[in-house]
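Dear colleague,

Please find below the structure that I am handing over to you.

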Amino acid sequence: MPDSLIPKTVSVIAEGYGRTRLKADALAGLTVAIVALPLSMAIAIASGVTPDRGLYTAIVGGFLVSLLGGSRVQIGGPAGAFIVLVAATGARHGIDGLLLATAMAGIMLVAAGYLRLGQYIKFIPYPVTVGFTAGIAVIIFASQLRDLFGLTLSGSEPGPIVEKTVALGRAADTVNWAAVVTATLTIGIILALRRSRPHWPGMLIAVGAASVLVAALSLPTDTIGSRFGGIPRGLPLPTLPPLSLEKAVAVFPDAVSLALLGAIESLLSAVVADGMTGRRHRSSMELIAQGVANLGSALFGGICVTGTIARTATNVRAGGTSPVSGMLHSVFLLLFMLLAAPLASYIPLASLAGVLAVVAWNMIEKPAFMALLRSSYGDAVVLLATFFIVVFRELTEGIVIGVALGALLFINRMAKSISVGEMKSLELLQAGNGDEEHPVIGDDPETVIYRIAGVFFFGSAATVAAVLDRIADQRRNFILDCSEIPFMDSTAANIIEGTLRKAERIGVRVIIVGANTQVRRALYQHHVRPPRVLMRASVPAALDTIRSERRT
């Protein structure tokens, strides 16, 4: 089996796993579970499902991500990035459709892992990831405004952010000040503890304090118990979601979006973990694990699973050394659910909304966002296009358009970086420039030398073609130096072939020098080969050939 398809759990066991590491992983797993407990319920509620489904996701999906994953410290579970997609899928197709889409996304991720597609995630430009994450953060925050202010809407809450904002604005006179106080208290405690006691579980403490306050003072604000009737004490039996061809076709686009977002989010999280630990994850195995985890989550009634950056970073900072910490995090969550499920009924929804408001704020990479706005016009365009499309249109569309814009800007930059021009002598060629400080020695009036430097591809083909088209008709020998072309595509090779045809018509002999293996292969495929042209290793070698022929 290829190394890339071996779970990190197997590698850890092969290295030797002892009591010391188990103790460190258990402590890290407990720390992450304390963070994940309120967060999983908050994300589930924001996604339009009951809070218990968030816990099912973290318990089942999180366990499988760690057991089978390609990262030593990745923590899986429900993620804020999925809130919009999960809510939209559930609204369109119901909970059964959501579970089916989750399972189908899992199958797609497994296939992507076996096809080694994880390596291509690295081609997503940095401005796209920053804009995408910031856009999701704005959407998450907007989705929490209703519970943050305890607003009462006359109908269902709209999904699109513009319609949502309008509906919430019309309900401004229904503000519940008890909810506002609860949310403000939660946010205040989280921020205060982050500054004064950064190692304490601030989110859990804040939710607990808000719950005690609401219960003790009988504040009139919604709780998990009043809206959802609490959460069950344990996992349900695994059940296949209802399956039919018609339903599968209907949810297929949503499944593709979930799979794409899951792949991006999990591999980005794994890259962050690599930077914190100095390790390298196995991207293909990570995708397979994410796929199996989504299948498992759907069987137990959970929502989409992905690697989560915040919980993964918490795991690393808490001393997690292996996938065991992630598996234990799921075990601890299950124990919390078994032992403390009745207490969850007292958790105010405004408090969970405050948790997600902090999460949304932290998701925005503010220094990176501002740096990209200042760095270049192209990066700013890609960043803002991705951000606004994610916020006002759709997540997958934002990624696709952002990547497309990034690719176009890259092509434009690469096209401008190529240079092509006539060399007046060998000394000029070796000096690398054509200024007048370098004397012209031994110019041959019957020979012209051109050099192309840079990536020669379809984007730069027109620039090069315009120069090569001006081959002097009176010259007998045309030397084309390709030694500084690292790559040539079929369009570029076709340009060279067109130049060769023109040279053949006017009786000019072409000599190509310095072509590497890839460039020579591209030229040969377009019939630019001996005897039509001579191939030489360097310009001096080509000039020697010309001189030797004259002597004979």
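Helices (at least four residues) and strands (at least two) are DSSP runs, numbered from the N terminus. The model is a predicted one, and the findings are grouped below by topic.

**The second largest pocket**

Helix H4 contributes the most to the lining of the second largest pocket, giving 12 residues. This pocket has a volume of about 1,000 Å³. Its lining is made up of 42 residues, and those nearest the centre are Val84, Ala87, Ala88, Gly159 and Lys164. Two or more lining residues come from each of helix H2 (19–46), H4, helix H5 (126–149), helix H6 (161–170), helix H9 (224–228), H10 and helix H16 (377–392).

**Salt bridges**

Side chains of opposite charge can pair when their charged atoms come close. In this model, 13 salt bridges are present.

One of them joins arginine 92 to aspartate 254, with the closest N and O atoms 2.3 Å apart. This pair links distant parts of the chain, since arginine 92 belongs to helix H4 (residues 83–114) and aspartate 254 to helix H10 (residues 245–277), 162 residues apart. Are the two partners buried or exposed? Arginine 92 counts as exposed because its relative accessibility is 54%, and the cut-off for exposed is over 50%. Aspartate 254 has a relative accessible area of 7% and is therefore buried.

Another salt bridge is formed by the side chains of glutamate 484 and arginine 451, at 3.5 Å from N to O. Here too the pair links distant parts of the chain: glutamate 484 lies in strand E5 (residues 477–484) and arginine 451 in strand E4 (residues 447–453), 33 residues apart. Glutamate 484 has a relative accessibility of 40%, so it counts as partly exposed. Arginine 451, with a relative accessible area of 13%, is buried.

Glutamate 15 forms a salt bridge with arginine 21, and the closest N and O atoms of that pair are 3.7 Å apart. Glutamate 15 is partly exposed, at 45% relative accessibility. Finally, a network of salt bridges links Glu497, Arg501, Glu504 and Arg532.

**Backbone geometry**

Most residues other than glycine have a negative phi, and most peptide bonds are trans.

- The peptide bond from proline 530 to proline 531 is cis, with omega near 10°. Proline 531 is located in the loop between helix H21 (517–525) and strand E7 (534–536).
- Histidine 527 is not a glycine, yet has a positive phi of about 65°. This histidine 527 is placed in the loop between H21 and E7, and it counts as exposed, at 52% relative accessibility.
- Arginine 116, likewise not a glycine, has a positive phi of about 60°. Arginine 116 sits in the loop between H4 and H5. Its relative accessible area is 26%, so arginine 116 is partly exposed.

**Nonpolar cores**

In soluble globular proteins, nonpolar side chains tend to be buried together. The largest nonpolar core in this model has 73 residues, and those with the most contacts inside it are Met41, Ile136, Ile224, Leu258, Leu352, Leu356 and Leu395. Which residues does leucine 258 touch, not counting residues up to four places away in sequence? They are Phe82, Leu85, Val86, Ala101, Thr102, Ala105 and Cys304. A second, separate core has 29 residues, among them Ile418, Phe456, Met488 and Ala522.

**Alanine 273**

Alanine 273 is part of helix H10. With a relative accessible area of 1%, alanine 273 is buried. Leaving aside residues up to four places away in sequence, alanine 273 touches Ser71, Val73 and Thr312. Proline 198 is 75 residues from alanine 273 along the chain, and the C-alpha atoms of the two are separated by 19 Å.

With kind regards

Methods: Residues are numbered from 1 along each chain as its sequence is written. This is a predicted model: local features need pLDDT of at least 70, side-chain atom pairs count only at pLDDT 80 or more; totals for chains, interfaces and linings use all residues. Side-chain values use heavy atoms; hydrogens and water are left out. A salt bridge is a side-chain nitrogen of Lys or Arg within 4 Å of a carboxyl oxygen of Asp or Glu. Buried means under 20% relative accessible area, exposed over 50%, partly exposed in between (1.4 Å probe, protein chains only). On a 1 Å grid over the protein atoms alone, a cavity is a set of points where a 1.4 Å probe fits but cannot get out, and a pocket is an open set with protein on both sides within 12 Å along at least five of seven lines; lining residues have an atom within 4 Å of a point. Grid points are joined across faces, edges and corners, and a volume is the space filled by probe spheres set on the points. Contact means heavy atoms within 4.5 Å. A nonpolar core is a set of buried Ala, Val, Leu, Ile, Met, Phe, Trp, Tyr and Cys residues joined through side-chain atoms within 4.5 Å.
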